[in-house]
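Trainee: I'd like to learn how to read a model like this one. Could we go through it feature by feature?

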Amino acid sequence: MAFQQNNAKITAYPLLPLQGAMLFPQMALNFDVGRAFSLAALEAAMEADRQILLVTQKKEGQPESTKDAFYPVGTLGTILQIMNLPGDVIRILVEGSKRVPLDTVYEDRGGLWAGVKEDGRAPIPVTTELIATHTAAKHNLADYIHTSEQMTPEALDGLLSMEDPEGFADAVASSVLPKLEDRMDILCEMNVQRRLELLSAKLLRDMELADIEKSIQLKIKKAMEKNQKDYYLREQLHAVQTELGEGDGSEAVALRERMEKTNLNEEARDKCLKEIERLSKMSPGTPEITMSLNYIEWILDLPWDKTTEDNLDLESARKVLSEDHYGLEKVKERIIEYLAVLQVKKDLKGPILCFVGPPGVGKTSIVRAIAKAVGRKFVQMSLGGVRDEAEIRGHRRTYLGAIPGRIISGLRQAGVQNPVFLFDEIDKMGSDSRGDPASALLEVLDAEQNNAFRDHYMEIPFDLSKVMFITTANSTDTIPAPLFDRMEIIEVPSYTEEEKLQIASRHLFSKQLAAHGLSEDSLSISKDQMRAVIEGYTREAGVRTLERTLAKLVRKSVVEMLDTAASHLDLDEERIHHYLGAVRYTREMPEKEPRVGIVNGLAYTEVGGETLEVECTTMPGKGKLQLTGKLGDVMKESAEAAFSWVRAHSAYLGLDPDFYSKLDVHIHLPEGAIKKDGPSAGVTLITCLSSALTGIPVRQDVAMTGEITLRGRVFPIGGLKEKTLAAYRAGIRVLIIPKENVKDLEEIPAYVLSQFRVVPAETIEEVLKEALIRLPEPYQAPDSAT
């Protein structure tokens, strides 16, 4: 089929897509056809002049009817033979006649068609350059076949005898180039001169790769021959030593002497001796020698009787603990108690402590200080994200590449039997099909049974009772109960602003000066300005953000000192504002009007105390209670209990007893991406519901916390100090807490409590009396008289 387009003659041919194959001109290709569009193209070709265009797809699968789905050049061929096969498959033989660049591709009559511009090219002129390029390509082919040995001499002679440059390039590419992409590059090049140059480049590339491959094989062969020779000589040496009664070898003798000098327990000694005897009888060169040798060395490298002498001077220990850490009195007190008792009872077992507190309060760093104060080595293992039990207990020796767990590895690294061993982030362990590391820690952290800890790799008991195990966690909620029960919990509370001021002034500021190469005299900041930085640019439980903020101040100061050639700078209010920008946080809460259905609650999270705003609204409905804000199960139950209390006390609240049948209630806690749970929002939820249903506004300078019962009792809660500090930072004036928590106020600094009027509450009625601007009028049933 032919037609005119832009004064050029366009001929349409049936297009048969090929997958992973291609055809050069003047060559034949035998292949099977089974796809519907291919069969349609074949039928169209047979109905015409048996001419068909073979084009290779760029990707396998169903091709799109676009030009981009195919390589840009195909081969026009003539169908020589057709054979029907079982399963609606046809096998055909096609002989290529010429290259054809694709112009268009389209669908017609159930198959694909290609529009091709007639090139009308003149015969290729034979130039001196073409002849030289043809000759060079022949030389490259001969060198390549000599290197790769890919072709018989007869086949090579046949190719070298070809005088037609175009036919030569196609024949060599078809028989020598293994990659489809390389053959397609040759097919798509329409210029014969460039086609021969491209062919030579690909032959030279493959020849270089073949040389490299041959060199590698030669090296491997030589190495194998050397290994066989070494093995033969070792076997001869082993036989001679056996005849002379010297079969143990010097290595086994050295290991046995080392074992005798090591104070192993009885089981470890027997195990080590058997392994050394087994090692001495192994044939040299066997892989098991390395495994056996590693195992023996692990046994002998462990600190079976090596310990460090504890520093029992209490004053010295107090000084070391206070050098880099301000506050943390409970932690320091517990360590001093341990050292004091250790003076009385020398064989005291190491304590197993767990420091629980928000991030950035110094849990990990105080453990380092403890090791320094006691005079022991320090070993740290981070448990965050650990899911494999083998991390704790090691792999069994039956596995290839097995090693001991990180406890035994840590003790080998420390070189002593009584280090301070830190398990960091114990609350962030997981479990999967590889086991539960928390269960593996049960034996480790049990003082009654860790004197015979068995690692899966070592398979011998090792005494861990002298180790001082300390763990850290942000929350105890995710620690399994059996593991939690084995540890002595010491809470590390959030820092108050005053404590942060002392930490920054004594430690953090000088630390940043030293880190940035400044002397103590080159930069100064007053306590008032330090307090302004703490209150205006940080809001956190710990001091990490504060440390980063001070580092920024120091960096900016260094830049200014270099720009102005100043030797000293004073960080005054103006300079701090210039360096850090506008104040981010204000401690004083803006004065707000009382609002309906909005109550300030208090929460204790992994990062410290937070204020929690609870919202409630009503709408016409049928008594549905909707809870949003990513609430946990316990908080949802608290909300249901609060709603039940409101319904049961509807008369007290001035509500129609049937109010719930006419209204839907929606309670929402903002910041919906953060999960919230716990029972301490009970009083907040009841106050919010009561305000929304009665229309009485809630005072916005009031914050509250407390668990509630269906009878309206207010139960105690945890984390009161953190919650109080959060209220302090938010500028709250009235703090409602459970009456049973009054005893916990002793832990809160006096200057923090001086900001509040603390209201202890035993019942929800006392809470409502303080939080609502007025109490509701009791409900009176309408007069039923007609």
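Mentor: Let's start with accessibility: buried means under 20% relative accessible area, exposed over 50%, and partly exposed in between, with a 1.4 Å probe and protein chains only. Keep in mind that this is a predicted model, where local features need pLDDT of at least 70 and side-chain atom pairs count only at pLDDT 80 or more, while totals for chains, interfaces and linings use all residues. Residues are numbered from 1 along each chain as its sequence is written, and side-chain values use heavy atoms, with hydrogens and water left out.

Trainee: What share of the 786 residues in the chain is buried?

Mentor: Buried residues come to 46%. As for surface, the chain exposes about 39900 Å², and 51% of that is supplied by carbon and sulfur atoms. Those areas come from the Shrake-Rupley method with a 1.4 Å probe, and for residues only the protein chains shown count as cover.

Trainee: And how do I read the overall shape? What is the radius of gyration of the chain?

Mentor: The radius is taken over C-alpha atoms, and the globule rule is 2.2 Å times the number of residues to the power 0.38. For 786 residues a compact globule would have a value near 28 Å, whereas this chain has 42 Å. Along the principal axes, the C-alpha atoms fill a box of roughly 110 × 105 × 70 Å.

Trainee: How many helices and strands does the chain have?

Mentor: There are 25 helices and 26 strands. Both are DSSP runs numbered from the N terminus: H or I with at least four residues for helices, E with at least two for strands.

Trainee: Is Gln502 buried or exposed?

Mentor: Gln502 counts as buried because its relative accessibility is 13%. Gln502 belongs to helix α17 (residues 497–515), and with residues up to four places away set aside, Gln502 touches Tyr326, His507 and Lys527.

Trainee: Let's turn to charges. How many salt bridges does the structure hold?

Mentor: The general idea is that side chains of opposite charge can pair when their charged atoms come close. The cut-off here is a side-chain nitrogen of Lys or Arg within 4 Å of a carboxyl oxygen of Asp or Glu. This structure holds 37 of them.

Trainee: Which residue forms a salt bridge with Arg454?

Mentor: Glu267 does, with the closest N and O atoms 2.9 Å apart. That pair links distant parts of the chain, 187 residues apart: Arg454 sits in strand β12 (residues 453–454) and Glu267 in helix α8 (residues 266–280). Arg454 is partly exposed at 36% relative accessibility, and Glu267 is partly exposed at 35%.

Trainee: What about Arg109: buried or exposed?

Mentor: Arg109 is exposed, at 54%. Arg109 forms a salt bridge with Asp108, where the closest N and O atoms are 3.8 Å apart. Asp108 is partly exposed, at 30%.

Trainee: Which residues are linked in a network of salt bridges?

Mentor: Asp182, Asp185, Lys202, Arg205 and Asp206 are linked that way.

Conventions: Contact means heavy atoms within 4.5 Å.
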